[in-house]
Amino acid sequence: MAQQWDVVIVGAGTTGMVAAIFASRRGARVLLLESAADIGGTLHISGGNMSAAGTKLQKGKNIADSVQEHYDDVMRICHNTADPKIVRLAVEHAADTFDWLTDSGMPLDPVCPQYNNGAHEPYLIKRYAWGPEYGKSIYKALVPMFFAEVTSGGVTLKLSTRVTGLIQDPRTRAVTGVRTKSADGVALDYHGQNILVATGGYAASPQMVARIHGTPLYSNGSMPEARGEGIEMIESVGGYLRGGDYFHCNFGVVLNDYDYPSKTIGRVVTMPEVRQPWEIYVDSRGNRFLPEDEPSVDKRERALVALPDKRYWVVFDGAILKEAPPVMERWSREQVTAALGNHPMFLKANSLAELAAQAGMDAPTLEASVKAYNDNLKGTDPLGRKHRPRPIGSGPFYAIRQHATIIVSTAGITVDGDLRVVDRQGRPIPNLYAAGEVIGSVATMGDAAANGMLVTPALTFGRLLGDRMLKWEKQRAAAE
Ligand SMILES: Cc1cc2nc3c(=O)[nH]c(=O)nc-3n(C[C@H](O)[C@H](O)[C@H](O)COP(=O)(O)OP(=O)(O)OC[C@H]3O[C@@H](n4cnc5c(N)ncnc54)[C@H](O)[C@@H]3O)c2cc1C
């Protein structure tokens, strides 16, 4: 049986919920299909840190800001690698999105707005803000508005309903509907004038990460449904992926084991503004690969991504363990000491050669790295490191393994400035739209991480699509 809708939205997460609210308010008959048993998607775990220029929050604190300055800041941070038209669309409407949420009751952490929160490169102007419950604060603001549209009959929500494919007219290339399968195995097709794919990213899919980036998914930091299914269904109707050459990762994460994707158990403090390094960082062979006190988080992440296996070791000795502030975030010295030699990621050895053997490093390379570091302590560090309180002197020696982990997807489906999915010739695929993480962080942050430039665009694009970009017969008839 086929059913016809004005708007069919795939995914009731950040983008999908907002698109549904605004399309329904504009009079559309909206069908919202969600594979999980609940709405909200990534908002349940997201930091929910937003960025917007010209907000009521900023004005209330006399912070002068503009869309152009936000745009320039994002493009500076990502080295002009994001899609200019998508960044512009996002920042032009970000303040309206932010003010809409705060006017709708979303509380804010009183310290906001900020330049950054330490995780990414700072903005030049304070425009970064979040609620006390992070992504949940956004979710809680959206829920009453969303269910008002469900109650009014504008939005029909079908949970535990997985979209398995798109229906395309081979003559016109138009996408006219979706194929679904419910959790109890019932297959049903739905047809609509607009199909919006808002299925989020692929950061929980080892297969997609291997396919796109050629690297293992070391840990799973996203929701289980972040499997990239939206990408695959759009590719099957002529859309294509961009940004696979980039890989945005976190620096300094310690895993539980080598059975990838593994749980994470903590992180080494790698932010020099929080704790200056006493240790050296070496790659899987034993070579140092960056100045360990590098102040730019972007540069640290880039250095890690450039390593062939995107992993490294933090190496130190007994004196450093004793004298330096604890190397692990929120771990005491006793906890670190207890783990060393007793956990696959925390090694302990009497000599550097033995440490290298345990770690799978090349012993002469590690020994040479340590010797060069020590020999240069009275002069200039070849990598430019400034903070060098003492040598890596005598055993026991220690190493803690770090992996490049991800929580979001860098690559994504290519869209035009109206969020229409395009083919490789740049032609829109009729009726088909994509927004949110399915278009990849590459669209709004390029090869880096710009504060708030995922969750804010996801909300904003949902709002713009529902409010004005999607068109349906009823709307056209009313306007005529
Ligand atoms: C831990 C974490 C912290 C983050 N912190 C920040 C931050 O501070 N600032 C920031 O800007 N960004 C942050 N992000 C990223 C940001 O939250 C997400 O990119 C954004 O919320 C994604 O929105 P979305 O609508 O694209 O996807 P989602 O919110 O994930 O929604 C996608 C929905 O589609 C559903 N779905 C998937 N496949 C199917 C299918 N085949 N059929 C039907 N439904 C399907 C999913 O179940 C889900 O409900 C963070 C992400 C994570 C994981």
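Is Val-87 buried or exposed, and what is its relative accessible area? Val-87 is buried, with a relative accessible area of 0%, where buried means under 20% relative accessible area, exposed over 50% and partly exposed in between, for a 1.4 Å probe and protein chains only. The model shown is predicted, so that local features need pLDDT of at least 70 and side-chain atom pairs count only at pLDDT 80 or more, while totals for chains, interfaces and linings use all residues. Residues are numbered from 1 along each chain as its sequence is written, and side-chain values use heavy atoms, with hydrogens and water left out.

**View 1. The whole chain.** The chain holds 16 helices and 18 strands, which are DSSP runs numbered from the N terminus, helices being H or I with at least four residues and strands E with at least two. Along the principal axes, the C-alpha atoms fill a box of roughly 80 × 50 × 40 Å, and 56% of the 480 residues count as buried.

**View 2. Val-87 in helix H4.** Val-87 lies in helix H4, which spans residues 84-92. Leaving aside residues up to four places away in sequence, Val-87 touches Tyr-71, Val-74, Met-75, Ala-82, Ala-443, Thr-444 and Met-453, a contact being heavy atoms within 4.5 Å. The C-alpha atoms of Val-87 and Gly-446 are separated by 9.7 Å, although these residues are 359 apart along the chain.

**View 3. Asn-220 in a loop.** Asn-220 is placed in the loop between helix H7 (206-213) and helix H8 (229-235), and with a relative accessible area of 37% this residue is partly exposed. Beyond residues up to four places away in sequence, Asn-220 touches Ala-203, Ala-204, Pro-261 and Ser-262. The C-alpha atoms of Asn-220 and Gly-54, which are 166 residues apart along the chain, are separated by 35 Å.

**View 4. Cysteines.** The count of disulfides comes to zero, a disulfide being a pair of cysteine sulfur atoms within 2.5 Å. For Cys-78 the closest cysteine sulfur is that of Cys-249, at 16 Å, which is too far for a bond. Cys-78 counts as buried at 0% relative accessibility, and Cys-112 likewise counts as buried at 0%.
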